[in-house]
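Notebook open. I wanted to look up strand pairing and charged side-chain contacts in one model.

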Amino acid sequence: MSAKIRVLDEHTINQIAAGEVIENPSSVVKELVDNSIDSGAKEITIEIKGGGRQLIRITDDGCGMSFDDAVLSFERHATSKISSVNDINDLYSMGFRGEAVPSIASISKYTLLTRLQGTEGDGTMVIVDGGRIIKACAAACSYGTTVEVKSLFFNVPVRRKFQRSPNYDAHEILKMLTKLALANPEIKFELISNQKSILLAKRPATDDAKEQIGDRTADVIGREFVDQSAYVDHMHRGYEIRGFIGLPAYTKHNRSGQYIFINKRPVFSPLIHNAIREGFGTTLPTNRHPQFILHITMPGDLVDINVHPQKKEVRLRQESDLKKAVCQAVDQALHVSGIAPVTYVDSPVLNTSEQFSPTESFAGFSLNPDTFTMPRPSTIPSGFTKPEISVYEEPVVAVAEEKVDKEEQIELIPEPKKQVNIPRVQTTIQGYILLETSEGLSLVDQKAAHSRVVFEKLRRQKEESSIEVQALLVPYTLELTPQEASALSVVVDNLNRIGIQIKEFGGNTYIIDAVPTIFGDIDVPAFATEMVQGILEGGDGDQKRELEKRIASIASRVSVSGKVKLSFMEAQHLIEQLFQCDQPQMCPKGKSTIITIGNAELAQRFLRK
């Protein structure tokens, strides 16, 4: 009887390990750069082509390897980082398992060129194809190590099929290197993508920790963040905490500007994030997040990094002491800066609900009675109770309609098939519109309603390739960080397709020279800031779905603010536009636009029977 259990061959074992360690080109770059950091390198250059799938070349000036070590490095669990299991309890190196190199080599065409520091003569070259060593010989090279990875996943077609776009992969590599560059301010990093330098973090000019961290942060994140931050320098029971914490007036609506490093390893820790918020006390508003770059140095035996194959998670010991140390560090830094006792002042970063409140018009709707026009009615969408109230008609509307040039009118919906009744506005309050129907009272969220109207108009114009754009009198210049520029480059074509005309202007600079006419008189700098932050949070899934999400996000940003009280005429015009939409009940982000309190419920509330 044949055996059912068998020992896997070495090649299969390596490919399974590659599946745990290597998700995409970014994973390859991280593992190899970690090795360069552990080698003591002071300069690391990363070159990629095709998002890393065609080529990844990493060159460092680290300690290098001898011939024997170079060949041995392709064996599984061969490492110079530890010698026994006890060493894991007090670990400071980035890697230690010895799985990365053989795993990467098993799914690529891999070339290693290395020379041991302080040796004479040639170095060593090892060529590996799909996990098999093809050649190992002497070769002329400089001190340090150069690794070339070509044709990634060439022998794993299933993995290759599920990879994303090259631009997305390049952006992920940049995000990962941004963290490593911030974690190691004493090392020079350069990322070259398709022969273009997209990240350059220079060598520090001093040994002072504050200046090193500050200069590196300015190179990678931007000088503005450093200028709007307080320096953190605190010691507590073996914990050393250094870095920069953004002032309370320099917050974001998301966590994109938060970086935590434990013993130079990028980590995410809810414990530390909560401690930082506690350190801010009452100076942070609800739903705002501080920006920070914190370097935490602690004894190696207080942190366990052997939790996840890719070392994305860590386990902390003595959590209460660490939380107290972080909280004290933040509180101390804010008090030294003189900020902590001060009442919070709203951030210069865009607050969407306030800054897109136009004064004279809101996207696609004129607020001037002389140019106000009634849209033609259309079929009321299914799922909404048909009101029993006649169409709103006031003499002033009819007069205004006669004064408008028909060519200038913007029709949101095509010629209707039949005429229906539209609810009449009873009154408006800040942010809401009250309607009366035969079923009871309906309350409309004006911002959500306007988002739906703008969304459907943009979507239809995009599908018809007929988006009306307005050129900016003075094009707006976007000065971005490398990470922001990379994220924008992934979606710039989609943005152009929906009328936001953006062009690359060299380096990390882009210009916006036109926006859709439906945007009205928006605050372009504020809109651009929010747009870039939204892109950083976005993904790279199905292109059609991602474009829909982008249109929905933009519609929300340019819609009328909930803090504006519309006039009676403006409100009626918005309701008529809303009822002609395909899905008037929901905004493009899934929020209800209308809620109705029925007559029966009203009677019950007033104890009527």
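I count two strands as paired if DSSP finds at least two bridges between them. Helices (H or I, at least four residues) and strands (E, at least two) are DSSP runs, numbered from the N terminus. The model is predicted, so I take local features only at pLDDT of at least 70 and side-chain atom pairs only at pLDDT 80 or more, while totals for chains, interfaces and linings use all residues. Residues are numbered from 1 along each chain as its sequence is written, and side-chain values use heavy atoms, with hydrogens and water left out.

**Entry 1: strand β21**

I started at strand β21, residues 432–437. Which residue of β22 stands opposite Tyr-432? I found Asp-445 there. Strand β22 covers residues 440–445 and pairs with β21 in the antiparallel sense over six bridges. Two residues sit between β21 and β22 in their hairpin.

Then I looked at β20, residues 424–429. β20 also runs antiparallel to β21, with five bridges. Here Ile-429 is the residue opposite Tyr-432. The β20 and β21 hairpin has two residues between the strands, and Gly-431 takes a positive phi near 90° in it.

I checked the faces next. In a regular strand, side chains alternate between the two faces of the sheet. In β21, Ile-433, Leu-435 and Thr-437 make up the covered face. Tyr-432, Leu-434 and Glu-436 make up the uncovered one.

**Entry 2: salt bridges**

My criterion was a side-chain nitrogen of Lys or Arg within 4 Å of a carboxyl oxygen of Asp or Glu. How many salt bridges does the structure hold? I noted 18.

I looked up Lys-30 and Asp-34, whose salt bridge has an N to O distance of 2.8 Å. Both lie in helix α2 (residues 25–38), four residues apart, about one turn of the helix. Are they buried or exposed? I use buried for under 20% relative accessible area, exposed for over 50%, and partly exposed in between (1.4 Å probe, protein chains only). Lys-30 is buried at 19%. Asp-34 is buried at 1%.

Glu-43 and Arg-203 came next, with closest N and O atoms 3.9 Å apart. This pair links distant parts of the chain, 160 residues apart: Glu-43 is in strand β1, Arg-203 in the loop between β8 and α7. Glu-43 is partly exposed at 34%, and Arg-203 is partly exposed at 40%.

Asp-129 forms a salt bridge with Lys-109 at 3.3 Å. Asp-129 lies in strand β4 and Lys-109 in strand β3, 20 residues apart.

Last, I noted a salt-bridge network that links Glu-47, Arg-57, Glu-148 and Lys-150.
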